[in-house]
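The sequence and the coordinates come before the discussion.

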Amino acid sequence: MDIRDGFRLGTEAIARELCTYPRFTRRAYSSYLDPKAIQLPRTMFLVIACEAMLFTSSIRRACLQVGPRNEALGNWEVGMALRQVGRVRCEGTNAICKPRECGWKVGCAMDEGSAAVLDARVGECVAKWSVGGGTGRAAASVAFQDELGETLCVAVGGDVEVYELRKAQEPIQTYALSTEEINQVVVQNRGKFLAAADDLGLVHVVDLEIQKKFKTMRGGHQNMCSTVAFRPRRSWEVVSGGMDCRLLRWDFSRGTPKGAWEMGSEAGESGKVFNPPMVHSVAVADTEDSGLSRLTAVARGDGVVGVYDLEAEATTKRLTGRSRNRNTDRQAQNSTCKMLLGQDRGGHRSAVAHVTFGHFLGRCLLASGGNDRRIVLWDLSKSESEAKVLEHNNKRKINWLCPGDKSGSCLYVCDVGDDVFVYDIQ
């Protein structure tokens, strides 16, 4: 950090930057703030040094934001950080995906009507081809069908095209699902079903084994359905979110909703929301932890990452039975809302574009990326006030986040620029 810029931003910002260095103590000020090293006038240097030494409380608050306190050691631990370890040129990438069992392969949906596969080991695009019959329609979303990443599903317009990467010039299967644009396509972790969300507010489910549409779920969203996700521990359930600010839980074996949540109506909301809480992305944790596997994370347009326990809604329904009314419905929704991770919790200052769960350094964490160009990692096993683990400032707005395999600590990031970045969480 340039100390001269920090002086203009305030001494507290300087203290926050200094305390991120390993084994930072009061004594570190004298060695780090060297007037010769930073080439400042001696008067300005003395002002900065004295002010920084007086702001011990600011230093401690900054340490709280960077990492948790280790009471056994009696000092402040340095938190995790994102370090860029790779970068692959891939112009106009809208969305990315990764197969479950292949850590280096990344699929890309591109704006220019094409799809691509990147090799993160060498930092190159190893395959690129036109989709949508060469019409130039943008590819909105991608998902690998199998665990090793040999087959890629691409959403183009109202169709989902399936490509085998060994001969990717022509699709091996095309599913005509909608008359409007498909916004996201996902594949169940077992590879049997595919789900797609479209602009009509519909959620389509395809049986990939028999290669036929299985179900279309209607009547849940009054506006565009922007996102969909399977629930790994509930083999017949998906969750969807839309521009109508609603989150829905579906039983796709019957094609009926099992619950609905209105974003922004939770207890404790300040009401000072300038952007509507549209649902841009949903994520469900694929983990053996029974507590985390119940949770669904929602990226909202009002800058909040909402965390909901959908199983709590089912419990409330069983307890209240037929006596439910509008008040009990609101109480049920409040009981399912576990966290509202907004700006007051160190979260995003504008709309959240994407959320995803990943296994980083042996822990299942939630990553969120927003239009404020920030990436934030959250530990949902902690309380709301302590959930934030780290933040990273990206150069551009975030489009998509994708975690690496469970044994690693990588995070793939796609923004509005022309590159896909590979970050290592340390």
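Two strands are said to pair if DSSP finds at least two bridges between them, where strands (E, at least two residues) are DSSP runs numbered from the N terminus. This is a predicted model, in which local features need pLDDT of at least 70 and side-chain atom pairs count only at pLDDT 80 or more, whereas totals for chains, interfaces and linings use all residues. Residues are numbered from 1 along each chain as its sequence is written, and side-chain values use heavy atoms, with hydrogens and water left out.

An open sheet is formed by four strands in the order 20-21-22-23, with antiparallel pairing. Its edge strands, each pairing on one side only, are strand 20 (279–284) and strand 23 (337–341). From one strand to the next the twist averages 20°, with axes taken as lines fitted to C-alpha atoms and angles running from 0 to 180 degrees between N-to-C directions.

| Strand pair | Bridges | Opposite residues |
|---|---|---|
| Strand 21 (295–300) and strand 22 (305–309) | five bridges | Ala299 and Val305 |
| Strand 28 (398–403) and strand 29 (410–415) | five bridges | Ile398 and Asp415 |

Five of the six residues of strand 28 are buried, so this strand is largely enclosed by the rest of the structure; buried means under 20% relative accessible area with a 1.4 Å probe, protein chains only.

Methods:
Buried < 20%, exposed > 50% of the residue type's maximum accessible area, 1.4 Å probe, protein only.
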